[in-house]
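Please keep the sequence and coordinates open while reading.

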Amino acid sequence: ATTLLWLRNDLRLADNPALAAAIEEGNVLPVFVLDPAAETGGASRWWLHHSLAALEADFAARGGRLVLRRGDAAAIVPALAREIGAVAVHAGRAHEPWLREADRRVAAALQEAGIGFHRHRSALMFGPERITTRTGGVYGVYTPFSRACFDAFAPRPPIPAPARLAAAGDPGGDRLGDWGLLPVKPDWAGGLRASWTPGEAGARARLDAFLADGFGEYDRQRDLPGVAGTSGLSPHLHWGEIAIDAVWRAAVAAPGRDAARQTFLKELIWREFAAYLLWHTPDLATRPMKAQFAAMPWRESAADLAAWQHGRTGVPIVDAGMRQLWQTGWMHNRVRMIVASFLVKHLLLPWQAGERWFHDCLVDADAASNAASWQWVAGSGADAAPYFRIFNPVLQGRKFDPDGAYVRRFVPEIANLPDKYLHAPWEAPEIVLRGAGVRLGASYPRPIVDLAEGRERALAAFAAISGK
Ligand code: FAD
């Protein structure tokens with residue numbers, strides 16, 4: 001028998017239950033469909049290209065062939081299944097709204113054709129509908145949700161990558177290079193290439209490196225953007241180049257302090273929580289979960305938005321973060337919170353604009369984690385930070401980048417300022433600025449918003465919607 005393996009966010013051979021089930025049933029034809037409905041952002045397209053190139057090579061090395069098709073996945077998958085005479089289609093379960101919609105249509109078409117459609121738990125620890133409160137409700141708060149996960153999760157035993165794959169015909173398909181996923185003019189991907197190795201082997205190497213020294217000082221250092229103290233697994237997890245089960249198993253078995261291990265496992269559950277929220281709130285990326293925030297008197301300012309996007313706000317920790325994003329396709333979590341808070345509060349610009357920019361620029365852009373995190377920072381989300389708690393970016397910078405290593409790396413034009421003024425150059429006496437070669441308003445911008453005034457404006461806006 002022949003089976004079709006529809007790969008989506010599970011671009012790997014090991015620990016892939018859909019692949020294992022497909023092999024069990026017969027000769028497997030793997031397919032990936034590039035669907036415009038996915039609205040894949042620029043940095044993610046770069047990642048996807050390289051991840052698929054790695055996957056093609058991994059299949060080819062085992063005698064298999066990855067088929068690439070482009071268009072409406074919900075039409076292509078059933079048509080291909082009929083064309084190759086497949087008895088069944090296997091796929092990993094997905095939680096993105098567009099994939100759920102595609103799944104509904106694929107399921108209907110396959111049922112009509114008498115072809116089985118089997119989805120396997122793959123990207124997440126749980127099917128989001130399986131985790132309920134004791135009374136059968138949906139969790140809105142992280143801590144009890146995470147407890148439920150800790151109590152119930154038993155990762156699968158390892159499923160090794162298949163050694164050989166029997167050929168399952170060759171229906172033909174696109175060439176990856178013809179998809180135009182890579183930037184050409186200009187080629188902005190140099191910083192991405194220098195930072196990442198997309199694909200299953202790259203994912204495994206990241207995990208091994210992170211766990212080699214027993215999480216390092218993860219619990220103490222994960223908030224310090226100047227230190228490489230986190231795993232860097234997020235884009236690999238997003239594309240399913242490594243299974244959440246494999247990461248969990250390895251983290252539980254690794255040597256190291258238990259405080260660091262527990263902190264890391266809790267972060268994996270934040271990812272799970274975000275996917276759970278998206279499952280239960282499919283318009284998470286656009287509509288505030290707390291309805292009163294729909295009335296927020298957001299500003300409109302193309303100039304302020306552009307300054308934020310390009311790291312030209314005049315607030316060093318914010319600019320460093322936005323430039324790290326632009327250059328490497330990734331930003332440290334602490335700094336994501338700082339730049340998001342600055343946009344939504346000090347600039348009073350809508351969080352949806354930030355969400356969209358992140359979606360386009362992040363290699364780990366994830367419909368669930370991105371939207372849930374933006375709503376969390378904006379105060380409109382589940383279990384969110386209260387809106388009136390406003391990060392002071394100067395104090396955040398001094399606390400989490402005390403030696404200025406992070407700001408100096410990404411904002412080199414102020415690198416010669418002494419630590420004391422690095423996070424607030426406008427406080428430096430003229431003679432200090434001159435000594436450091438900084439001309440405010442010329443070589444580096446003055447802040448585009450007065451931090452105290454921005455804070456008051458945000459509080460007033462929030463007061464206007466409170467009680468609504
Ligand atoms: P580690 O600290 O090593 O954590 C391990 C894994 O846990 C991560 O790979 C990730 O899968 C998960 N994780 C960690 N923190 C979070 C979190 N707060 N929420 C959800 N999952 C988490 N993460 C994304 O994967 N995609 C996004 O699009 C995304 N957008 C974000 C937007 C904002 C405004 C904020 C504040 C956070 C966002 N995050 C997003 C969460 C977090 O910043 C990243 O997951 C983390 O920085 C990835 O780096 P790491 O792999 O080294 O993390």
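**Helix packing, ligand shell and domains**

Pro316, Ile317 and Val318 of α13 are in contact with Pro393, Gln396 and Gly397 of α17, where contact means that the C-beta atoms of two residues, placed from the backbone, lie within 7 Å. Helices (H or I, at least four residues) and strands (E, at least two) are DSSP runs numbered from the N terminus. By class, this contact has 4 nonpolar, 2 polar and no charged residues; Ala, Val, Leu, Ile, Met, Phe, Trp, Tyr, Cys and Pro count as nonpolar, Asp, Glu, Lys and Arg as charged, and the others, Gly among them, as polar.

The model is predicted: local features need pLDDT of at least 70, side-chain atom pairs count only at pLDDT 80 or more, and totals for chains, interfaces and linings use all residues. Residues are numbered from 1 along each chain as its sequence is written.

Two packed helices are described by the angle between their axes and the distance between the axes. For α13 (residues 316-328) and α17 (residues 393-400), the angle is about 70 degrees and the axes are 8 Å apart. Axes here are lines fitted to C-alpha atoms, for helices over the stretch in contact, and angles run from 0 to 180 degrees between N-to-C directions. The two helices are therefore roughly perpendicular, a label for angles of 65 to 115 degrees.

Next comes the ligand. Its shell holds 27 residues, and the closest are Thr230, Ser231, Asn333, Asn370 and Ser373; a residue is near a molecule if its C-beta atom, placed from the backbone, lies within 6 Å of it. By class, the shell has 12 nonpolar, 9 polar and 6 charged residues. At least two shell residues come from each of α9 (234-238), α11 (258-280), α14 (333-346) and α16 (367-378). Both domain 2 and domain 3 give residues to the shell, so the ligand lies between them.

The UniProt "binding site" annotation, from an unreviewed entry, includes Tyr218, Thr230, Ser231, Leu233 and Asp366. UniProt positions follow the numbering used here, feature names are shortened, and annotations may be inferred rather than shown by experiment. The annotated residues are spread over 149 residues of sequence and, in space, up to 22.9 Å between C-alpha atoms. Leu233 sits in the loop between α8 (218-221) and α9.

The chain is assigned domain 1 (2-123), domain 2 (125-158 + 191-280) and domain 3 (291-465), with bounds from an automatic or database domain assignment. Taken over C-alpha atoms, the centres of domain 1 and domain 2 are 24 Å apart. Their contact takes 21 residues from domain 1 and 21 residues from domain 2. Helix α2 (residues 42-60) gives 8 residues, the largest share of the domain 1 side.

Two backbone details remain. Most residues other than glycine have a negative phi, and most peptide bonds are trans. Asp15, in the loop between β1 (2-7) and α1 (17-25), has a positive phi near 50 degrees. The peptide bond from Lys185 to Pro186 is cis, with omega near 0 degrees, and Pro186 lies in the loop between α5 (142-152) and α6 (190-195).

Conventions:
Parallel < 35°, antiparallel > 145°, perpendicular 65-115°, else oblique.
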